Amino acid sequence: MAANAKKTKPSDADAPEVAVTTPALAELGRDEELEAYRSMLLIRRFEEKAGQLYGMGLIGGFCHLYIGQEAVVVGMQLVAKEGDQVITGYRDHGHMLATGMDPKGVMAELTGRRGGYSKGKGGSMHMFSVEKGFYGGHGIVGAQVSLGTGLAFANKYRGNDNVSFTYFGDGAANQGQVYESFNMARLWHLPVVYVIENNKYGMGTSVARASATTDLSQRGRSFDIPGEQVDGMDVRAVKAAGERAAEICRKGEGPYILEMVTYRYRGHSMSDPAKYRSRDEVQKMRQERDPIEQVRKRLSETHGMSDDDLKEIDKDIRAVVSESAEFAQTDPEPDPSELWTDIVREG
């Protein structure tokens, strides 16, 4: 990272090395490891299928896949409790699935069917589930940060101990509304954990070219907001950091910033060929740091699960994803009259 900082014109191909300072890993038992493995694998297989359907022309508009970043939201959801809220940007399918939203409803929204979470009218970036505490899905870069801060304000106003987990990327970390939100959250000690998913590239530009300072965990320093960098490829590190941050917020001492240093394997969106980085860079991350393979290895070596056991889990998840894809292709499209509904929410 120091070498990158000295360059006056860093290359787009530079993938900045970020020193991760998380001091401890959470101890996950067999059941928690299995829960994390199933959840991450569901996200991976779902996103792979979504990519296939997009390539077949069955999904229109934008489609941003979460492949490679699964440990972040899954680890944070191991910390969340009933009543907590999740809000994020446009790379949102993984967050929906991790909060327990039905894969059929998510996939049907991608294909614009009436059984989708927004009745087929919202698409990839605009799905919500108040029941599951998921508040979007937002296409405007950084817009969800002020909304997530508002969710935290509502929690404080109501006197509960719920936490708003507000996700945004390294690109959004430079947006002005982020710092306005930081100031308000610190003034009122709002229970919000700002989760910066630093996948090292904002669209096609490395974080070293776009940010004067690449330690994004310290972006709240001028507001006296504590923060830390976390290995976002290890679900144990994410859970450990999430527990600390959530506890601080539940005690009325928020907000808190967690910079999850992670990596996306695919392009920014399905239309991005990702020529700004080498295949070797991506392959190295897949081979050495894949979040799912790390858990798979522990389940095998530490918890005695056989290859057949693990293959059966994958088979079950593939069946769930296939069912969601079938539903998303056969469910009826919205009636034209739906164009005029849900414009204004009454009551």
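View 1. At the start of α5, a side-chain oxygen of Asp102 comes to within 3.0 Å of the backbone nitrogen of Lys104; helices (H or I, at least four residues) and strands (E, at least two) are DSSP runs, numbered from the N terminus. The structure is a predicted model, in which local features need pLDDT of at least 70 and side-chain atom pairs count only at pLDDT 80 or more, while totals for chains, interfaces and linings use all residues. Residues are numbered from 1 along each chain as its sequence is written, and side-chain values use heavy atoms, with hydrogens and water left out. Gly105 belongs to helix α5 (residues 103-110) and, with a relative accessible area of 7%, Gly105 is buried, a word that stands for under 20% relative accessible area, with exposed meaning over 50% and partly exposed in between (1.4 Å probe, protein chains only). Seven of the eight residues of α5 are buried, and the elements that cover them include α2, α4 (93-98) and α12 (307-330). Leaving aside its neighbours within four places in sequence, Gly105 is in contact (heavy atoms within 4.5 Å) with Gly115, Gly116 and Tyr117. Just after α5, Gly112 takes a positive phi of about 75°.

**View 2. Strand β2 and the strands that pair with it.** Strand β2 (residues 164-169) is largely enclosed by the rest of the structure, because five of its six residues are buried. Strand β1 (residues 85-87) pairs with β2 in the parallel sense over three bridges, where two strands are said to pair if DSSP finds at least two bridges between them. In this pairing Ile87 stands opposite Thr166 of β2. β2 also pairs with β3 in the parallel sense, over six bridges, and there Phe165 stands opposite Val193 in β3.

**View 3. Strand β7, covered on both faces.** Six of the six residues of strand β7 (residues 256-261) are buried, with Tyr256, Leu258 and Met260 on one side and Ile257, Glu259 and Val261 on the other. Six bridges join β7 to strand β3 (residues 192-198), and the two run parallel; Tyr194 stands opposite Ile257 in β7. β6 pairs with β7 in the parallel sense as well, over five bridges, and Val230 has Met260 as its bridge partner in β7.

**View 4. The largest nonpolar core.** In soluble globular proteins, nonpolar side chains tend to be buried together. A nonpolar core is here a set of buried Ala, Val, Leu, Ile, Met, Phe, Trp, Tyr and Cys residues joined through side-chain atoms within 4.5 Å. The largest such core has 70 residues, of which Met76, Val193, Val235 and Leu258 touch the most other members, and helix α2 (residues 30-55) gives the most to this core, with 10 residues. A second, separate core of 16 residues includes Ala172, Val178, Leu190 and Tyr194.

**View 5. Arg219, a buried residue without a salt bridge.** Arg219 is placed in the loop between α8 (207-210) and β6 (227-231). Although Arg219 is buried, it has no salt bridge, and the nearest side chain of opposite charge, that of Asp215, is 7.9 Å away; Lys and Arg count as positive and Asp and Glu as negative, whereas His and the chain ends are not counted. A salt bridge is a side-chain nitrogen of Lys or Arg within 4 Å of a carboxyl oxygen of Asp or Glu. The side chain of Arg219 does make polar contacts, one with the side chain of Asn174 at 3.0 Å and one with the side chain of Tyr179 at 2.7 Å. A polar contact is a pair of N or O atoms within 3.5 Å; within protein, one must be able to donate a hydrogen and the other to accept it, and residues adjacent in sequence count only if both atoms are side-chain atoms.

**View 6. Salt bridges between parts of the chain.** By the rule used here, the count comes to 19 salt bridges. Arg44 forms one with Glu70, the closest N and O atoms being 2.6 Å apart, and this pair links helix α2 to helix α3 (residues 70-77) across 26 residues. Both Arg44 and Glu70 are buried. Lys121 forms a salt bridge with Asp342, with the closest N and O atoms 3.3 Å apart; Lys121 is partly exposed, with a relative accessible area of 35%, and Asp342 is exposed, at 53%.
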